[in-house]
Amino acid sequence: MNQLKQSLAFTLKNGVEQNQTQLLIIQLLQTPNIPYAQKLFNLFPKKTVFLYNKLIQAYYSINQSHQSLTLYSQMCLNNCSPNEHSFIFLFPACATLPSLIHGQILHAHFLKSGFGLDCYALTALLDMYAKLRMLPLARQVFDEMHARNVPTWNALIAGYSRCGNMKEASELFKSMPKKNVVSWTSMISGYSQNGQFSRALDMFLRMEKERRVKPNRVTIASVLPACANLGALEIGERIEAYARENGLFEDLYVSNSVLEMYARCGKIEVAKRVFDEIGQRRNLCSWNSMIMGFSLHGKCNEALEYYDQMLYGGTTPDDVTFVGVLLACTHRGLVVTGRELFKSMAEKYHINPKLEHYGCMVDLLGRAGALQEAYHLIKSMPKKPDAVVWGALLGACSFHNNVELAEKAAQRLFQLEPWNAGNYVILSNIYASAGQWDRVAKLRKLMKGGQITKAAGFSFIEEGGAMHKFLVEDKSHPRCVEIYEIVYQISTVMKVQNKFIDSESELYELLIMEQF
């Protein structure tokens with residue numbers, strides 16, 4: 001770098017010929033030292049489209065998109081005509097800006113410049129519209145293209161996935177003449193981010209069968225959250241082994257995903273080993289995964305201890321951290337600690353509580369019997385309470401048999417999710433516990449009239465590296481006869497054991513009676 005600075009000083013003092021100066025600017029951009037490169041560029045008398053493009057690309061790479069567009073404006077004012085490569089760098093810069101107007105102006109300039117048939121520039125344009133969530137415009141560009149490459153298809157699939165339209169993404173994926181790892185990863189990531197974890201995992205298992213396509217670090221970081229949410233531990237362990245064998249575990253996104261999987265699946269000791277292995281590389285996501293894992297699996301003291309360690313190490317909590325610690329307080333009934341943590345969010349860390357935090361606090365207060373305080377907290381919320389918040393209050397009312405507040409919570413829930421039979425069942429049970437059978441009958445009549453039925457429960461079972469879904473009394477599985485034979489055998493053994501335990505209890509009671 002010092003040698004480059006000396007060369008720059010010599011150039012500024014004595015001047016050198018054009019090719020040497022251009023080479024020096026490129027070297028400065030590669031270092032990178034963009035301010036020095038810009039200074040030399042400003043003194044350059046014959047600015048070329050090549051150098052403009054290099055600087056536009058450099059500013060975009062350091063998230064200074066406005067500076068990229070400023071350079072383009074200067075380029076046009078200096079009568080230096082852009083080429084197709086200019087737009088390949090400018091469209092991504094526009095995608096990072098909140099306003100659509102810059103992109104639309106560039107789109108018009110692009111067409112006037114006569115580059116409307118360049119596949120790479122059109123793909124960059126499509127990707128810009130997709131990232132700005134203007135999917136009709138992105139689709140229009142796609143449909144009007146005479147030639148498309150794999151990145152073109154990938155850009156539109158990623159756009160649909162980002163907006164939650166997995167149906168369109170899936171249709172495009174099926175239509176692709178050729179797929180690469182990015183194509184598969186876009187689908188896996190899309191399903192995972194939109195809560196369709198079973199489909200994300202199925203897509204990954206399909207990808208594994210494609211011998212020509214190997215998962216990369218983004219694929220691994222996208223599929224492991226699906227394993228975590230489904231409890232697919234066996235598949236997750238196999239993916240972890242692949243990541244380690246192929247040097248992907250060193251990527252923090254991958255190692256954090258492995259950590260989260262073990263924490264969510266209840267393998268807390270393994271999660272702790274992964275956390276320790278990450279060591280100095282760990283970030284807020286690493287801490288949040290451990291805190292949430294402890295909280296979800298009843299290790300509330302450990303969750304709060306890790307929270308204190310995180311603060312001591314200088315890591316600032318975010319909204320996810322507070323969901324974890326408030327959940328820990330809820331499970332332990334630590335009302336005072338919970339109140340303090342909730343209060344510190346806004347006062348100390350300037351984090352506005354979200355619906356999840358209010359839901360945790362209502363649950364915490366409700367379980368502790370502070371139902372009125374929980375209700376007042378809901379009424380004081382700056383945003384409209386959702387079904388989770390009212391559901392937490394209804395659940396607390398069920399535990400403490402508070403009919404009055406239960407009715408208020410239930411009425412809100414009936415409006416927010418009229419299809420959810422669970423809310424009707426809980427209120428009915430509260431009425432039954434209070435001996436108000438006339439209201440129980442009225443509620444059941446209301447459910448029948450509204451054709452509200454309880455959704456069938458189902459379970460996921462992992463076996464042989466695959467996930468199997470079972471509904472209640474399900475007979476759709478190809479081996480259901482064998483499955484029910486095993487269930488019958490287990491049930492028979494349990495009944496015999498229960499009878500044996502009951503007999504032992506009766507004998508023990510008789511022996512005690514004889515002693516008196």
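What follows is a short chat about the predicted model shown above.

Visitor: What kind of model is this, and how are residues numbered?
Guide: This is a predicted model, where local features need pLDDT of at least 70, side-chain atom pairs count only at pLDDT 80 or more, and totals for chains, interfaces and linings use all residues. Residues are numbered from 1 along each chain as its sequence is written, and side-chain values use heavy atoms, with hydrogens and water left out.

Visitor: How many helices and strands does the protein chain have?
Guide: The protein chain has 28 helices and 2 strands. These are DSSP runs, numbered from the N terminus: helices are H or I with at least four residues, strands are E with at least two.

Visitor: What share of the protein chain counts as buried?
Guide: Of its 516 residues, 43% count as buried. Buried means under 20% relative accessible area, exposed over 50%, and partly exposed in between, with a 1.4 Å probe and protein chains only.

Visitor: And what share of the contacts join residues at least 24 apart?
Guide: The share is 57%, among contacts between residues at least 6 apart in sequence. A contact means heavy atoms within 4.5 Å.

Visitor: Let's pick a helix. What span should H19 have?
Guide: Helix H19 covers residues 300-312, and at 1.5 Å a residue its 13 residues should span 18 Å. The expected span is 1.5 Å times one less than the number of residues. The end C-alpha atoms of H19 are 19 Å apart, which agrees.

Visitor: Which residues of H19 are buried?
Guide: They are Cys300, Ala303, Leu304, Tyr306, Tyr307 and Met310. Seen down the axis of H19, these buried residues fall within an arc of 160°, so they line one face of the helix. The arc is taken from the directions from the helix axis to the C-beta atoms.

Visitor: What do they pack against?
Guide: The buried residues of H19 pack against helix H17 (268-278), helix H18 (284-296), helix H20 (319-332) and helix H21 (335-349).

Visitor: What follows H19?
Guide: Gly314 follows H19, and its phi is positive, near 95°.

Visitor: Which residue other than glycine has a positive phi?
Guide: Asn79 is one, with phi near 55°. Most residues other than glycine have a negative phi. Asn79 lies in the loop between helix H5 (65-77) and H6. Asn79 is exposed, with a relative accessible area of 71%.

Visitor: What about His350?
Guide: His350 is not a glycine, yet has a positive phi of about 55°. His350 sits in the loop between H21 and helix H22 (355-367). With a relative accessible area of 67%, His350 is exposed.

Visitor: New topic. How many aromatic pairs are there?
Guide: The structure holds 16 aromatic pairs. Rings of Phe, Tyr and Trp (its six-membered ring) pair if their centres lie within 6.5 Å; planes under 30 degrees apart count as stacked, over 60 as edge-to-face and the rest as tilted. Take Phe87 and Phe110: their ring centres are 5.3 Å apart and their planes are at 65°, so the pair is edge-to-face.

Visitor: Where do those two sit?
Guide: Phe87 is in helix H6 (residues 84-95) and Phe110 in helix H7 (residues 101-112), 23 residues apart, so the pair links distant parts of the chain.

Visitor: Is Phe87 buried or exposed?
Guide: Phe87 counts as buried, at 0% relative accessibility. Phe110 is buried too, with a relative accessible area of 0%.

Visitor: What about Phe173 and Trp184?
Guide: They form an edge-to-face pair, 5.0 Å centre to centre, with 80° between the planes. Phe173 lies in helix H11 (residues 166-175) and Trp184 in helix H12 (residues 181-193), so the pair ties together parts that are 11 residues apart in sequence. Phe173 is buried at 2%, and Trp184 is buried at 4%.

Visitor: Which rings link into a cluster?
Guide: Ring pairs link Tyr72, Phe87, Phe91, Phe110 and Phe115 into a cluster.

Visitor: What lies over the face of Phe142?
Guide: Arg148 does, at 4.1 Å from the ring centre. A charge sits over a ring if NZ of Lys or CZ of Arg is within 6 Å of the ring centre and within 35 degrees of the ring normal. Arg282 lies over the face of Phe275, at 4.1 Å from the ring centre.

Visitor: How many disulfides does the structure hold?
Guide: The structure holds 0 disulfides. A disulfide is a pair of cysteine sulfur atoms within 2.5 Å.

Visitor: Is Cys119 buried or exposed?
Guide: Cys119 counts as buried, at 17% relative accessibility. Cys163 counts as partly exposed, at 31%.
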